[in-house]
Amino acid sequence: MKRVLAIGLVGLGLTALLATRTAPARAEGAVKLLNVSYDPTRELYQDVNTAFGKQWQQKTGQAVSISQSHGGSGKQARSVIDGLDADVVTLGLAYDIDAIAAQSGRLAKDWQKRLPDNSSPYTSTIVFVVRKGNPKAIRDWDDLAKPGTVVVAPNPKTSGGARWAYLAAWGYALQKPGGGEASAREFVRKLYKNIPVLDSGARGSTTTFGQRGIGDVLVSWENEAYLLVNELGKDKFQIVNPSVSILAEPPVAVVDKNVDKHGTRAVAEAYLKFLYTEEGQEIAVKNHYRPRSAAVAAKHAGDFPKIKLFTIDQLFGGWQKAQATHFADGGTFDQIYQPGS
Amino acid sequence: MTGLVLGEPASVPTPPRNGLRPSLREARRVPSRGSLPGFGLSLGITLTFLSLVVLIPLSGLVWKTASLDGASLARAVLSPRALAAYRLSFGAALVAGLVNVVFGVLLAWVLTRYDFPGRSLVDAAIDLPFALPTAVAGIALTTLYVEQGWLGRFLEPHGIKVAFAPAGVAVAMVFVGLPFVVRTVQPVLMDLDLHMEEVAATLGASRFYTLRKVIVPAVLPAALTGFALAFARAVGEYGSVVFISGNMPGRTEIAPLLIVTKLEQFDYAGATAIALVMLLASFVALFAINILQSRIGRVGRIGRGSR
């Protein structure tokens, strides 16, 4: 009996100790934000958080500590639906934030109209990475569908970036002179038949191509392509820009129900608006995202080659429709892998 | 406990310890409430714990699946893609389990019967697949077996494709499942008295006969348990397999990946339906192994005597 009592006392003591440890943090009045984001934005938001924290403290005198959570875009959306207390979400595609709105009701369905430019403060696109010297002479999308070219790209079923890539290829074929639904389907089928490995995420494909030496060309996010070339060597890889690609718009949104519960709406909204300021746009450029601000874009015109970009709304009628046609079960992507096709 | 039994001749059944209980089997059938206090409390704790950790999550699975109507349920679990995925997952798990049984028993034998420099190091290395994050294992194995990898460069010219092929799935499953067989067989081999083999030899049994009649019956139940564990682990394995399999729909796509794919489309019901099918299939397989095991335990003379 004495022993039980002793153990109980030790437990109580520990609890008390923990309680006093955590208490001061709350007393300081630092406001806390949780930003739930997708995989390739780690470096981007590290920079953003530092810069915004400084600015917010200057303006309001209040310290802000921002936590980050990264993962596949769809997985992150699921976590928020299931109750992860995100103040803001900054995901890879609007479809995932739509799902949060539809399935959990934590933010309004018209969330994408609340901030400028479809709530996407920065954009990116899909480009190619080839081996140095471009031995297979890859210039444009058509070269990817040629027999004998080995292409590396992630699985559109599990990766948001892969969906942008799939739609970029489809859109290219659709817009070609004389192109239509049938020719686009055939083109994409040929292209995906050239892919020997469908990694589950964009970073997986980068590894397959960059470190395992598989494939002639990697279909990749533009920012991821720069990362690969800068990290693994300019003497080994080079970027090829296709004539046409898709304007990938990774959106951001405040999660209404969560910020109202935490009382963090003001700071959360300021945080997202900061992304649109000149400073925020410069940080995006530094991390190889294309800026929205015309002034910042003009300043860095040399950094981003001109590619004719189409949007998902122009060619596919938005994410809901594109998802249903192409990526849902039985959609065009599944048809490619039907036995005998 | 084992110390009591050790050293007894093989054919003599374990004597009852206090004359009250004729055999373990009997005792199991009739839980004697009176003889040992604390039955109510321990059963209560057991059931609560089991419910929290296993039963409630599993019933959630059934509940989610129930939100599907018959037609869409059939479409989710019986599509050609899903069928191909089950075939790969269960087929590769079966192959991996068999490979693990053969080499796991061999490894356990070597580790218990022979003394050699570095034995404890090898012994410790067996557990690494338990400790290593599965993604790390998957990436390491892929690096080894791709075309330019250390092993792949010797295999590919002979037309043996491991990475990004069904064989790669089995390789990853062998890796994660190996410790299960070794660790279940090892203690049995340790308890197996060397004298029994010597007695068999003095009675004129050939080496093969001794192996067949003395060693195999003793080791088989444990090997089967190890097989069942390795198999079950392999069926559910996701982390390491997705890196090495290549994830091509219909060819190298495992069933757990299909579940993740469905979740990515926010199709919770479809995902749980496939999970339920896998669960049922695994349960049937494990149940069959259990029955087989109890049969062997009954037939084998020593069987569980040493445990």
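The contact between the two chains takes 18 residues from chain A and 19 residues from chain B. The model is predicted. On the side of chain B that touches chain A, two elements give two or more residues: α8 (134–145) and α14 (255–264) of chain B. The largest share, four residues, comes from α14(B). By class, this side of chain B has nine nonpolar residues, eight polar and two charged.

Stay with chain B and go to helix α3, residues 39–65. This helix has 27 residues. From its first C-alpha to its last, α3(B) reaches 36 Å. That is close to the 39 Å expected at 1.5 Å a residue. Yet the helix has a kink of about 50°. The kink is centred on S51(B). How many of the 27 residues of α3(B) are buried? The count is one, so the helix is hardly covered, given that a residue is buried if 20 or more other C-beta atoms lie within 10 Å of its own.

Now turn to chain A. Strand β1 covers residues 31–37 of chain A, and strand β2 covers residues 64–69. The two strands run parallel, and six bridges join them. One pairing to look up is L33(A), whose bridge partner in β2(A) is I66(A). Helix α2 of chain A, residues 42–60, belongs with these strands. Together, β1(A), α2(A) and β2(A) make a β-α-β unit, and the unit is right-handed. As a general point on strands, side chains in a regular strand alternate between the two faces of the sheet.

Notes
Residues numbered from 1 in each chain as written. Chains lettered and ligands numbered in written order. Predicted model: local features only at pLDDT ≥ 70, side-chain atom pairs only at ≥ 80, totals over all residues. Expected span 1.5 Å × (residues − 1). Bend = angle between axes of the 7 residues up to and from the residue. Buried ≥ 20, exposed ≤ 12 C-beta atoms within 10 Å, placed from the backbone. Contact = placed C-beta atoms within 7 Å. Nonpolar A, V, L, I, M, F, W, Y, C, P; charged D, E, K, R; others polar. Pairing = 2+ DSSP bridges. Right-handed = clockwise from strand over helix to strand, strands pointing away.
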